[in-house]
Amino acid sequence: MPGAPSARSPERPETPRPTIAGNTALGVTQIVLWGGTFFLTAVVSDPVVAETGWPQAMVVGALSLAIFVSGLPAPFVGRMIRRHGGRPVLVVGATIIAAGLVLMAAAQTLPVFLLAWVIAGLGMSAALYDPLFAAIGQAYGAAARGAMTQIAISSGFAVSLCWPATRFLVDQVGWRGACLTYAILSVALVVPLFAWALPARSRAAVEPAAVPRPCEPAGSSEAGRLPAERLLAVTFTMAAMIMTAASVQLLNLLQTLGVGGTAAVALTGLIGPAQVGVRVVELAFGRRAHPAWSLLLSSASVGLGLLLLATLPSLAWLAMLLYGAGNGMRTVVRGTLPLALYGQREYAAAMGRLARLPLLGQAVTPLACGYIAERFGLMPLLDVMLAVAAINLGLSLWVFGFAMRRPNEQA
């Protein structure tokens, strides 16, 4: 009847859309946070040891401790993003990293220094790529693939920017001042960027959870798991371990193969542009292809790069380009493939589960590499890396077959 209110179905929040400005801002957050965590030790370890007299192995190993700690709460972080949205979780993560850096700058004893890295590790679990991708995948759904690639492009030169910047800070204000500077940037720059660029709450976070299967209790962590989830986690772990091993030993490997020190540094400098270049190609041409193709190409490119390095050192430049391209694609595929397999609603929780094993693998890799290199030499270490890459390629083929048979869930 006229004037009577019409019946309406409950309104659902519309899925927000990513913007280039927002994605660029999120890329900046990763440059700052990676610079103050993963990439900090390589520059400040020597000044720390020179000032304090603490053992070099303990100072460098503090990063492994932080990575190990960051893997433990990863499933919990994924569930929190699933329940509350990404913005509050990532803001808290950046704040915790800042607290760890402040304590690091103030540390007068080795136990306090290590505690600072433990605190930073807890923040890393909630503020770096994995939780960020979980947040934007849940928020943007099918549109997240392009956003993830744009973020990866923006942050692709993090090493190239952070190492010189940190060296400058150490020269000007010392290693403690460098830690404080990254802490200030985390609070004054990263937190506001997270608050501005991430939606407050996504559609997936406010929708009711799916009804569990009869054999699963409500809220079971098994709900939404795929048959291939553990295998997918293994492939991500192997790729992360290869990347970590290369970041620790690649310069030494090149020099063992007869490349001069200056030339070795120049060759490793090709990795950053290759990473960014492949992400640009992915953004321009890869959106219509299933992310499983990116997984396969990433594993094959890394494996071929290591094979060239081991068998034809004269083509080390091509090996670096192939490795860099594969590694650059790996960062994106870790976000896009789970989104395609799990869908928007289950994505954040799945990313939390998938993040734990790679982080634990990364934590033990520097220690394992050091042991193999010291006990057997660098060439056997390269052989081990190549074997891991070959196994990972085989597992990636298995995941590829599973993924291509499964309907795309990301829309």
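A residue is called buried when its relative accessible area is under 20%, exposed when it is over 50%, and partly exposed in between (1.4 Å probe, protein chains only). Arg-334, at 10% relative accessibility, therefore counts as buried. This is a predicted model, in which local features need pLDDT of at least 70, side-chain atom pairs count only at pLDDT 80 or more, and totals for chains, interfaces and linings use all residues. Residues are numbered from 1 along each chain as its sequence is written, and side-chain values use heavy atoms, with hydrogens and water left out.

**Figure 1. The whole chain has 17 helices and zero strands.** Helices (H or I, at least four residues) and strands (E, at least two) are DSSP runs, numbered from the N terminus. Of the 411 residues in the protein chain, 55% are buried. Two residues are in contact when they have heavy atoms within 4.5 Å. Among contacts between residues at least 6 apart in sequence, 84% join residues at least 24 apart. The accessible surface comes to about 17600 Å², and carbon and sulfur atoms hold 69% of that. Accessible areas come from the Shrake-Rupley method with a 1.4 Å probe; for residues, only the protein chains shown count as cover.

**Figure 2. Here is the largest nonpolar core, with 74 residues.** A nonpolar core is a set of buried Ala, Val, Leu, Ile, Met, Phe, Trp, Tyr and Cys residues joined through side-chain atoms within 4.5 Å. Look for Phe-113, Trp-117, Ile-136 and Phe-194, which have the most contacts inside this core. Helix 9 gives the most to this core, with 14 residues. Apart from it lies another core, of 29 residues, which includes Leu-254, Leu-308, Leu-382 and Ala-389.

**Figure 3. Asp-130 and Arg-334 meet in a salt bridge.** A salt bridge is a side-chain nitrogen of Lys or Arg within 4 Å of a carboxyl oxygen of Asp or Glu, and a search of the whole structure finds five. In this one, the N to O distance is 2.5 Å. Asp-130 lies in helix 7 (residues 129-140) and Arg-334 in helix 15 (residues 316-342), so the pair ties together parts that are 204 residues apart in sequence. Asp-130 has 14% relative accessibility and counts as buried.

**Figure 4. Arg-145 and Glu-282 form another salt bridge, at 2.9 Å from N to O.** Because Arg-145 is in helix 8 (residues 144-154) and Glu-282 is in helix 13 (residues 271-285), the pair ties together parts that are 137 residues apart in sequence. Arg-145 is buried, with a relative accessible area of 4%, and Glu-282 is buried too, at 11%.

**Figure 5. The side chains of Arg-353 and Glu-229 also meet in a salt bridge (2.8 Å, N to O).** Arg-353 belongs to helix 16 (residues 344-375) and Glu-229 to helix 11 (residues 229-256), so distant parts of the chain, 124 residues apart, are linked. Both Arg-353 and Glu-229 are buried.

**Figure 6. Val-28, Leu-185 and Leu-189 make a nonpolar surface patch of about 180 Å².** Patches are made of residues with over 30% relative accessible area and no salt bridge: like charges are joined within 9 Å, and nonpolar side chains (Val, Leu, Ile, Met, Phe, Trp, Tyr) within 5 Å. Leu-185 sits in helix 9 (residues 158-197) and is partly exposed, with a relative accessible area of 32%.
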